[in-house]
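Please consult the sequence and coordinates shown below while reading.

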Amino acid sequence: MVQDLVKKKIAAAIRTEKDFSTALKSEVDVIFLLHSNIMGIEKSIKEIHDAGKHVLVHVDFAEGVGKDKAGIEFLASLGVDGVLTTRTNIVRLAKDTGLIAVQRFFLVDSHSLNTSVESIRISKPDIIELMPGIVTKKIREFSQIVDTPIVAGGIIETEEEVRAALEAGADIVSTGESSLWSLEV
């Protein structure tokens with residue numbers, strides 16, 4: 001399943017209803033629901049799957065969904081393909097439940113790099129997301145250190161930034177810029 005997610009090199013990172021509708025019609029295979037809530041998530045998952053796309057929910061921001069085993073099992077029962085999180089314990093719960101686990105890391109200095117690598121070794125996520133995605137130097141460094149697919153996400157707004165992230169070693173780019181969702185890379 002992880003290999004299916006990284007086939008296409010662009011994922012739609014969704015925050016608004018307008019972006020949601022645009023993403024459903026786009027060429028992306030994967031939609032990251034960055035903000036969702038318990039009242040509408042089941043409908044969103046169904047619409048995404050009906051459009052032939054995979055859906056990953058950012059569980060840290062899923063309102064009304066517990067950040068615990070029951071919350072992860074609830075998302076799995078709704079049919080999500082995976083979760084995004086910054087939390088190591090959520091990665092473990094997702095993997096134990098059979099969901100794809102994407103662990104997000106914010107790289108701001110060398111300390112965050114070192115703690116991220118240690119966290120990856122402990123949690124063993126299926127995919128890691130390095131943010132902001134325009135830090136190609138660190139993407140290259142991670143791609144040489146860890147044997148885990150990498151998503152570059154955050155502040156990616158141009159075709160040049162997409163290409164730079166991919167050339168640096170990212171396997172997929174996550175962007176909220178709908179004009180990039182049909183980019184051929």
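## Nonpolar cores

Within the largest nonpolar core, which comprises 49 residues, Ile-31 and Phe-142 touch the most other members. A nonpolar core is here a set of buried Ala, Val, Leu, Ile, Met, Phe, Trp, Tyr and Cys residues joined through side-chain atoms within 4.5 Å; buried denotes under 20% relative accessible area, exposed over 50%, and partly exposed the range in between, with a 1.4 Å probe and protein chains only. Helix α8 (residues 159-168) gives the most to this core, contributing 4 residues. Helices (H or I, at least four residues) and strands (E, at least two) are DSSP runs numbered from the N terminus.

Not counting residues up to four places away in sequence, Ile-31 touches Ala-12, Ile-14, Ala-23, Leu-24, Ile-48, Lys-53, His-54, Val-55 and Leu-56, where contact means heavy atoms within 4.5 Å. A second, separate core has 14 residues, among them Leu-5, Ala-13, Leu-84 and Ile-100.

## Basis of the values

The model is predicted: local features need pLDDT of at least 70, side-chain atom pairs count only at pLDDT 80 or more, and totals for chains, interfaces and linings use all residues. Residues are numbered from 1 along each chain as its sequence is written, and side-chain values use heavy atoms, with hydrogens and water left out.

## Packing of α4 with α5

Helix α4 (residues 69-78) packs against helix α5 (residues 88-97) at an angle of about 45°, and their axes are 10 Å apart. Axes are lines fitted to C-alpha atoms, for helices over the stretch in contact, and angles run from 0 to 180 degrees between N-to-C directions. The two helices α4 and α5 are therefore oblique to each other; angles under 35 degrees count as roughly parallel, over 145 as roughly antiparallel, 65 to 115 as roughly perpendicular, and the rest as oblique.

The crossing of α4 and α5 is right-handed, a term that applies if the near helix is turned clockwise from the far one by less than a right angle, anticlockwise being left-handed. On the α4 side, Lys-69, Ile-72, Glu-73 and Ala-76 meet Ile-90, Leu-93, Ala-94 and Thr-97 of α5. By class, this contact of α4 with α5 has 5 nonpolar, 1 polar and 2 charged residues. Ala, Val, Leu, Ile, Met, Phe, Trp, Tyr, Cys and Pro count as nonpolar, Asp, Glu, Lys and Arg as charged, and the others, Gly among them, as polar.

Thr-88, Val-91, Arg-92 and Lys-95 in α5 meet Ser-119, Ile-122 and Ser-123 in α6, giving 2 nonpolar, 3 polar and 2 charged residues by class.

For α7 and α8, the packing angle is about 25° and the axes lie 8 Å apart, which makes α7 roughly parallel to α8. The crossing of α7 past α8 is right-handed. Thr-136, Ile-139, Arg-140 and Ser-143 of α7 make the contact with Ala-164, Ala-165, Glu-167 and Ala-168 of α8. By class, the contact of α7 with α8 has 4 nonpolar, 2 polar and 2 charged residues.

## Backbone geometry in loops

Most residues other than glycine have a negative phi, and most peptide bonds are trans. Lys-124, although not a glycine, has a positive phi of about 50°. Lys-124 is found in the loop between α6 (110-123) and β8 and is exposed, with a relative accessible area of 52%. Ile-155, likewise not a glycine, has a positive phi of about 60°; Ile-155 is found in the loop between β9 (150-153) and α8 and counts as exposed at 52% relative accessibility.

A cis peptide bond joins Met-131 and Pro-132, with omega about -5°. Pro-132 is placed in the loop between β8 (127-131) and α7 (136-145).

## Two buried helical residues

Phe-20 belongs to helix α2 (residues 17-25) and is buried, with a relative accessible area of 5%. Leaving aside its neighbours within four places in sequence, Phe-20 is in contact with Ile-14, Leu-33, Ser-44, Glu-47 and Ile-48.

Ser-112 is in helix α6 and is buried, with a relative accessible area of 9%. With neighbours within four places in sequence left aside, Ser-112 is in contact with Phe-106 and Leu-107.
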